[in-house]
Amino acid sequence: MRVDISGLDMNALMPLHALLEVRHVTRAAERCHMSQPTMSAYLARLRRYFDDELIVRGTGGYELTPLGHRLLPLVTEVLTAAESVFRTRAGFDPATSERRFVISCSGYATGVIGRPLSTRLAGASPTLSVQFCALKDGFGERDLLEADLVIAPLSFSVPAESEKLFSDDFVCLLDSANPAAADGELTAERLSELTHVGVTRRSGSPTIAHKLLDGLGMRARVAMLTDEWANLPWLLQDTDMVALLPRRVAQRASRSGAFTIREVPGYDRATFTESVLWHPSRSADPGIRWLRGELRTALAATA
């Protein structure tokens with residue numbers, strides 16, 4: 001069935017996306033580099049076309065209508081696909097490109113890939129750049145559309161292309177002055193006696209560390225929590241507490257000599273894997289294909 005869009009033109013897509021994203025006429029106008037009256041005129045046209053208000057004033061500011069909520073991911077996908085079309089047509093040369101790639105990932109993943117990737121890019125291109133953005137807890141398709149690449153476990157249910165990037169496992173980290181660090185091996189009984197620092201998710205879903213402790217039948221007392229694995233050494237330093245955290249984070253912290261690593265008692269070192277994901281509409285983008293290759297090469301050099 002053909003839909004009549006004669007009442008609009010493709011130029012309305014950018015204002016529509018800005019209005020749905022920022023939910024404010026003036027800020028949407030600023031984003032699109034147009035005047036506020038012009039954006040207001042676009043909003044009026046869009047409301048007539050869709051026969052819906054799209055954005056309405058609520059108790060805490062402007063809110064999307066139910067139709068507005070349904071339209072936002074669709075418009076984002078259309079604009080992303082259009083961007084991919086023109087990037088494919090223009091080609092990609094890393095030596096001359098001034099493109100800024102956006103990678104959405106955790107602080108932990110940024111710590112793992114940041115340094116080796118920057119080393120690779122310094123030799124490949126003097127002009128392009130990479131922006132790391134925090135990955136939301138329980139990200140969805142919209143987040144996948146807003147970033148060029150996402151680095152996350154494959155446990156997230158989003159429509160994405162993916163490939164494995166790197167693996168890690170968990171260890172115990174203690175301040176080197178902690179009496180428990182003097183033991184050659186950390187027993188389950190000793191681990192249960194120690195006060196813990198840990199990571200929590202805003203959604204309340206358990207982390208791998210929680211599952212490990214549950215598997216050991218251990219109810220640990222957690223005194224301090226953060227939302228990033230990379231923050232745990234800061235909370236541990238100069239204390240008698242312990243943290244279960246990824247080995248790569250622990251190894252980096254222990255290089256200073258201020259921390260001691262111990263294996264998790266009764267743990268078979270089952271690994272977890274972080275993958276690189278991208279929206280299917282970006283699969284033909286030569287720049288993103290190139291960046292995925294650089295990530296693989298950069299991490300292979302650190303293995």
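Visitor: Where is His17?
Guide: His17 sits in helix H1, which covers residues 13-22. Keep in mind that this is a predicted model.

Visitor: Is His17 buried or exposed?
Guide: Buried, because its relative accessibility is 15% and the cut-off for buried is under 20%.

Visitor: What does its side chain touch?
Guide: The side chain of His17 makes a polar contact with the side chain of Thr76, at 3.0 Å.

Visitor: And how many residues of H1 are buried?
Guide: Nine of the 10, so H1 is largely enclosed by the rest of the structure. Among the buried ones are Leu13, Pro15, Leu16 and Glu21, along with His17 itself.

Visitor: What follows H1?
Guide: Arg23, with a positive phi near 60°.

Visitor: Which other residues have a positive phi?
Guide: Leu54 has one of about 70°, although it is not a glycine. Asp238, also not a glycine, has a phi near 65°.

Visitor: Where are those two?
Guide: Leu54 is in the loop between helix H3 (36-50) and strand S1 (55-58). Asp238 is in the loop between H9 and strand S10 (242-246).

Visitor: Buried or exposed, in each case?
Guide: Leu54 is buried, with a relative accessible area of 2%. Asp238 counts as exposed, at 70% relative accessibility.

Visitor: New topic. How many aromatic pairs are there?
Guide: The structure holds eight. One of them joins Phe170 and Trp229 in an edge-to-face arrangement, with 5.2 Å from centre to centre and 75° between the planes.

Visitor: Why does that angle count as edge-to-face?
Guide: Because planes over 60 degrees apart are classed that way, and these are at 75°.

Visitor: Where in the chain are the two partners?
Guide: Phe170 is in strand S7 (residues 170-175), while Trp229 is in the loop between strand S9 (222-226) and helix H9 (232-236). They are 59 residues apart, and the pair links distant parts of the chain.

Visitor: Are they buried or exposed?
Guide: Phe170 is buried, with a relative accessible area of 1%. Trp229 counts as buried too, at 14%.

Visitor: Which residues make up the ring cluster?
Guide: Ring pairs link Tyr108, Phe166, Phe170, Trp229 and Phe272 into a cluster.

Visitor: What sits over the ring of Trp278?
Guide: The charged end of Arg292, 3.7 Å from the ring centre. Arg292 is also one of the buried residues of H11.

Visitor: How many residues of H11 are buried, then?
Guide: 11 of its 15, so H11 is largely enclosed by the rest of the structure. The buried ones include Trp290, Leu291, Glu294 and Leu295.

Visitor: What span should H11 have?
Guide: Helix H11 (residues 286-300) should span 21 Å at 1.5 Å a residue, and its end C-alpha atoms are 21 Å apart, which agrees.

Visitor: What caps its N-terminal end?
Guide: Asp285 does, with a side-chain oxygen 2.8 Å from the backbone nitrogen of Gly287.

Definitions and conventions:
Residues numbered from 1 in each chain as written. Predicted model: local features only at pLDDT ≥ 70, side-chain atom pairs only at ≥ 80, totals over all residues. Heavy atoms only, no water. Phe/Tyr/Trp six-rings, centres within 6.5 Å; stacked < 30°, edge-to-face > 60°. Helix = DSSP H or I, 4+ residues; strand = E, 2+ residues; numbered from the N terminus. Buried < 20%, exposed > 50% of the residue type's maximum accessible area, 1.4 Å probe, protein only. Lys NZ or Arg CZ within 6 Å of the ring centre and 35° of its normal. Expected span 1.5 Å × (residues − 1). Polar contact = N/O pair within 3.5 Å; in protein donor to acceptor, adjacent residues only side chain to side chain.
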